Amino acid sequence: MTTATTAAAIRLQESPLSPDTATRRHRQPAGEPWFTTLRAGQTVRIVDLEGNQAVDVIFYAAGDNTEHYSATDTLLRQGGIYLTTGSVLVSNLGRAMLTLVADTCGRHDTLGGACAAESNTVRYALQKKFMHNCRDNYLLALQNADVGLGKRDLVPNINFFMNVPVTADGQLTFADGISAPGKYVELRAEIDVHMLVSNCPQLNNPCNAYHPTPVEFVIW
Amino acid sequence: MEHPTHTLDNPPADQPVDAPALWRRFAPDLPAERVVWSEIVPGGGHWSWRLSRGTALRFAALDARANVSLVLYAAHNPLERYNMPDSLKAQHTAHYRAGHVLMSDMGRALASFTLDTLGWHDPLGALLDTPTMEAKYGVHRYQEHRNGMYRSGRDGLLIETGKHGLTVRDQIAPVNLFSRVVVDGEGRFVFDAERPVQGAQVELRMDLDVVVAISTAPHPLDPRPGYAPGKVGVAAWTCGPAPADDPCRRFRPETARALHNSDVFALS
């Protein structure tokens, strides 16, 4: 039996940064995608404005389409499944991409992935195929960005503010959210990264009380 | 690990094809008339196959420290591939056992667990990469150790997926057959090194035409000292597509729908 030591359930940490000094503020409506770029050293705060809104995010190394956030490398490196203050997001090439430097929510999901037309047919019902979903969002944002990224690059993402515990007997559960209005997570880019966001439109899952809400991105 | 001095025998000239029925040693219950081939993959090895819908792969752990890191891509279009989050959340599980289905990102079953004597296979633990392997076990290069060299799971799968035109960009989370990793109350991984694995059998039925690649390198969380991954028997046989009363189809509504989506796709 072995465990690594950097994984932990919850490490709350407030940020010393003030939104007044931010260089960019972006309000992201419910259900919509966003593609942006962060330079090394920049910090982005994601604010759960109304609470329990899943924000599905994938990071890519800017200028190198072979390098992306890797859920499994990140989990392996930190020895466990949750993200919180101090967690380092690791790429498929083993590089540190971003560090969680503040977190007032305390837990973010790495396993649940992003909803899709196709997976909704499996999870809910065949006719759910035509509902709005995250992976359609992702594809539209990547098509419009036209930086050489596409479907093959839609790797398992992070669900900020989602709570997806694994039980001791190996079950994956969707627990009630532990987020609340105004909770945030803050990440410092260690390298230049593209950030691909879908503010999840999921209407089949009770985790957001069937009510997707806007979020805010604050960048320093 | 195979012995560093191990050499493979060549077949005699009057038997130009050396295809022994190895499956009779590790999976004698398979229907003889439907077995296509079999082989024994040494620990630390890697291989890949293109398999048709309705073919099954039987894996047998021949040593205590067997681990098979396995990835799946749809043969018709490798942009469709095994998706770990989709498979886990649709089945509300963080491990695989008989009845579970490995789903693609397109909502289709790629393969199903039709037989499993262990009850727990790991989808979370990822691959042993070369820096981790060398830090853990030391460096064993071909120059000094010949076929006793150490090979990481990541490099093994890069080689195999590369044979099918895929790159590091296409690497996906593997399924680690024969390995059990539990998650504790704080979300930390705990590898079960005590579980008796030798002799275990797992069977995956292919529900679409697929490319399967495997590495038999150690699981990255395996705490046991020394690079000593176990041998694995592999046999392919023709089982046919999932019948109407298939246990995987009846396992959960979600597995039924994933198999339905594969059936519909296979019509075209």
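This is a predicted model: local features need pLDDT of at least 70, side-chain atom pairs count only at pLDDT 80 or more; totals for chains, interfaces and linings use all residues.

Biologist: Where do Asp63(B) and Lys231(B) lie in chain B?

Modeller: Asp63(B) is in the loop between strand 3 (55–61) and strand 4, while Lys231(B) is in the loop between strand 11 (210–215) and strand 12 (232–238), so the pair ties together parts 168 residues apart in sequence.

Biologist: Why does Glu67(A) count as buried?

Modeller: Because its relative accessibility is 1%, and buried means under 20%.

Biologist: OK, new topic. How many residues does each chain put into the contact between them?

Modeller: Chain A gives 48 residues and chain B gives 47. The area buried between the two chains is about 4200 Å², with 58% of that from carbon and sulfur atoms.

Biologist: How many salt bridges cross that interface?

Modeller: Four. One salt bridge is between the side chains of Asp170(B) and Arg152(A), at 2.5 Å from N to O. There are also 21 residue pairs in polar contact across the interface.

Biologist: Which helix of chain A gives the largest share of the side that touches chain B?

Modeller: Helix 2 of chain A, with five residues.

Biologist: And the greasy part? How many residues are in the largest nonpolar core?

Modeller: There are 77. The residues with the most contacts inside that core are Phe59(B), Leu72(B), Phe178(B) and Val212(B). Strand 4 (residues 68–74) of chain B gives the most to this core, with six residues. Apart from it there is another core of 29 residues, which includes Ala61(A) and Ile219(A).

Biologist: What does Leu72(B) touch?

Modeller: Leaving out residues up to four places away in sequence, its contacts include Tyr82(B), Leu110(B), Ile172(B) and Val212(B).

Biologist: And what's the phi of Phe178(B)?

Modeller: Near 75 degrees, a positive value in a residue other than glycine. Phe178(B) is in the loop between strand 7 (175–177) and strand 8 (181–183) of chain B, and it counts as buried because its relative accessibility is 3%.

Biologist: What about Asn52(A), how does its phi look?

Modeller: Asn52(A) has a positive phi as well, about 55 degrees, and it is not a glycine. It lies in the loop between strand 3 (43–48) and strand 4 (55–61) of chain A, and is partly exposed at 25% relative accessible area.

Biologist: Last one: which backbone nitrogen does the side chain of Ser87(B) reach?

Modeller: That of Met103(B), at 2.9 Å. Ser87(B) lies in helix 2 (residues 84–90) of chain B and counts as buried, with 0% relative accessibility.

Definitions and conventions
Residues are numbered from 1 along each chain as its sequence is written. Chains are lettered from A and ligands numbered from 1 in the order in which they are written. Side-chain values use heavy atoms; hydrogens and water are left out. A nonpolar core is a set of buried Ala, Val, Leu, Ile, Met, Phe, Trp, Tyr and Cys residues joined through side-chain atoms within 4.5 Å. Buried means under 20% relative accessible area, exposed over 50%, partly exposed in between (1.4 Å probe, protein chains only). Helices (H or I, at least four residues) and strands (E, at least two) are DSSP runs, numbered from the N terminus. Contact means heavy atoms within 4.5 Å. Buried area is the accessible area (1.4 Å probe) that two parts lose on being put together, summed over both. A polar contact is a pair of N or O atoms within 3.5 Å; within protein, one must be able to donate a hydrogen and the other to accept it, and residues adjacent in sequence count only if both atoms are side-chain atoms.
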